[in-house]
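Colleague: Hi, I have a bit of time before my next run. Could you walk me through this model?

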Amino acid sequence: MDWKKEFKPLLIIVSIFLGVFFLPIGIPRFDNAVFEALELVKWYAREHVLLCLIPAFFIAGAIGVFVSQASVMKYLGAKANKILAYGVASVSGSVLAVCSCTVLPLFAGIYKMGAGIGPASAFLYSGPAINVLAIILTARILGLEMGIARGAGAVLFSIIIGIAMHLIFRKEEAAKAAVQMSMPDVEAARPLWKTASYFFVMIAILVFANWGKPIENYGLWHAIYGLKWLITSLLSLTFGVILIAWFKISWWKVSIAAVSVIAIVLFGSQVIPHDVLPVVAFAAGAIGLSVVTSVDKGEAGDWFSSTWTFAKQILPLLLFGVLIAGFLLGRVGHEGIIPSDWVSAAVGGNSIRANFLASFAGAFMYFATLTEVPILQGLMASGMGKGPALALLLAGPALSLPSMMVLNGIMGFKKTFTFVSLVIIMATISGIMYGYFF
Amino acid sequence: MKKIQILGTGCPKCKKLFEVTVQAVKDVAAEADVTKVEDINEILKFGVMMTPALVVDGEVKVVGRVPRPEEIKEMIK
């Protein structure tokens, strides 16, 4: 028996056994928490996966494949205009960091071979916060206000942090490595306006399919709400044409998909309840799109492959995050294992202490991609103030204890410590300001 | 004997590139040795900022994406 190796499986078995042996089923708070976790994950599946996450994955996949990373990286290289580099670094996260795993290598690259520690720090702070999936889900679940605040806050304060890092360490700016940056290939298969239109249509479909019902029964918002499915359908038809004309997918394949969706709409109303029908049609459209693109041997195939990779990577993590958030904090208006008073006491209101605590916890806690959203949702429902919520949103995804260790390996303790402190301070300040004005 | 290196810090795309490359090597029965480079500082030495990346005999062939198997086979011939 090799105890050195075997103690690990033994430890796991014993821990699981003890956990299950002492499972507190029967204690109301525990049962309720389990119930809340399941209710929350069901709600996510019903309300957000089909109409919001799936289009978001397609958009993220498209960004990964069709946006020329090389042209963005030009602005972050060693010879780039330094002032422009800050601006580009602060927003390029949405385009470059669609996969959260690329943030750290990119940071290391910009720091050591590119524009330097200033733009690199700006990128590191804003990247995880403004990746396209994060913004879409934040706006959808936590509200448009929060989504915009997160995006704007990340961009604005990333520039401040970047400049601060640059000024603090300007005397130490190491000589740039003589190695030439290896650029990804610049393949512009189509003119920019076509790519832009393609993205515009996808984003428009996402926005209109998810157009929320306003409280008032009149006005522009309400009118659009009434027409949302008509608008979405027209956009989808346009999208079908784009797929045929610009992406060379055979017209008969796209037509079969389109016809199936139309058939569902026309004949399905007899078997499917009226309010669920649009969702079913939308899902059918998504399935049609998946089938049509996955068999394609060209760019559309790459696009689907990229989309599918995101879905595989993120859905399990999100599911797990939602279950944990539901178990710990419960749904809106309900409680999980953690009593709401604890949350309100710790991070309720808008005090400096609350914002700082949220920011500090966020910096050290690890959030798998997108899991910060259900957790924030639970915290806010349990009494967390809006200011501290934003603070957590800004500090959370950018940092975690593991990532701090990697950063330490790349730029050393002093710079890492300074960066982390700047993040916590900026997140706290953003939180206080947001909580005060909104 | 070709030396193929996959540069990546361990994210899913990097793992996928490794698997696809190993498979491609098998498919064309190439004489090649496929290894992973996971240390960031080592990766930077290649001038690579966007992982994953594919390096054949010291030359960076693909940066920032997972190429199709046909593309990889072209590169390792």
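Predicted model: local features only at pLDDT ≥ 70, side-chain atom pairs only at ≥ 80, totals over all residues.

Colleague: Let's start with chain A. What radius of gyration does it have, and what would a compact globule of 438 residues have?

Modeller: Chain A has a radius of gyration of 24 Å. A compact globule with 438 residues would be near 22 Å, so the value for chain A agrees with that. Along its principal axes, the C-alpha trace spans about 65 × 65 × 65 Å.

Colleague: And what is chain A built from, helices or strands?

Modeller: Chain A has 18 helices and zero strands.

Colleague: How much of chain A is buried?

Modeller: Buried residues account for 43% of its 438 residues. As for contacts between residues at least 6 apart in sequence, 80% of them in chain A join residues at least 24 apart.

Colleague: OK, over to chain B. How many helices and strands there?

Modeller: Chain B has three helices and four strands. Reading from the N terminus, the order is β-α-β-α-β-β-α. Its radius of gyration is 11 Å, close to the 11 Å from the globule rule for 77 residues, so chain B is as compact as a globular protein of that length.

Colleague: What are the dimensions of chain B along its principal axes?

Modeller: The C-alpha trace of chain B spans about 30 × 25 × 15 Å. Buried residues make up 38% of the 77 residues in chain B. Of the contacts in chain B with a separation of 6 or more, 66% are between residues 24 or more positions apart.

Colleague: What about confidence? What is the mean pLDDT of chain B?

Modeller: The mean pLDDT of chain B is 85, and 100% of its residues reach 70 or more. For the model, ipTM is 0.74 and pTM is 0.82.

Colleague: Can we zoom in on helix H1 of chain B? How far does it reach from its first C-alpha to its last?

Modeller: H1(B), residues 12–27, has 16 residues and reaches 22 Å, close to the 22 Å expected at 1.5 Å a residue.

Colleague: Which residues of H1(B) are buried?

Modeller: They are B:Lys13, B:Cys14, B:Leu17, B:Thr21 and B:Ala24. Looking down the axis of H1(B), those buried residues fall within an arc of 95 degrees, so they line one face of the helix. On the other side of H1(B), B:Gln23, B:Lys26 and B:Asp27 are exposed.

Colleague: What do the buried residues of H1(B) pack against?

Modeller: They pack against H13 of chain A, and also against strand S1 (2–7), strand S2 (32–37), strand S3 (53–56) and helix H3 (69–76) of chain B.

Colleague: And what follows H1(B)?

Modeller: B:Ala29 follows H1(B), with a positive phi near 50 degrees.

Colleague: Where does B:Asp57 lie?

Modeller: B:Asp57 is in the loop between S3 and strand S4 (59–63) of chain B. Its phi is also positive, near 50 degrees, in a residue other than glycine. B:Asp57 counts as exposed because it has 12 C-beta neighbours inside 10 Å, and the cut-off for exposed is 12 or fewer.

Colleague: Back to chain A. Where is A:Lys248?

Modeller: A:Lys248 is in the loop between helix H10 (219–247) and H11 of chain A. A:Lys248 has a positive phi of about 55 degrees, although it is not a glycine. With 12 C-beta neighbours inside 10 Å, A:Lys248 counts as exposed.

Colleague: Last one, A:Ile272: where is that found?

Modeller: A:Ile272 is found in the loop between helix H11 (251–268) and helix H12 (277–294) of chain A. A:Ile272 is partly exposed, with 16 other C-beta atoms within 10 Å. Leaving aside residues up to four places away in sequence, A:Ile272 touches A:Leu277 and A:Val280.

Note on methods. Residues numbered from 1 in each chain as written. Chains lettered and ligands numbered in written order. Helix = DSSP H or I, 4+ residues; strand = E, 2+ residues; numbered from the N terminus. Rg over C-alpha atoms; globule rule 2.2 N^0.38 Å. Buried ≥ 20, exposed ≤ 12 C-beta atoms within 10 Å, placed from the backbone. Contact = placed C-beta atoms within 7 Å. pLDDT = per-residue confidence, 0-100. Expected span 1.5 Å × (residues − 1). Arc of directions from axis to C-beta.
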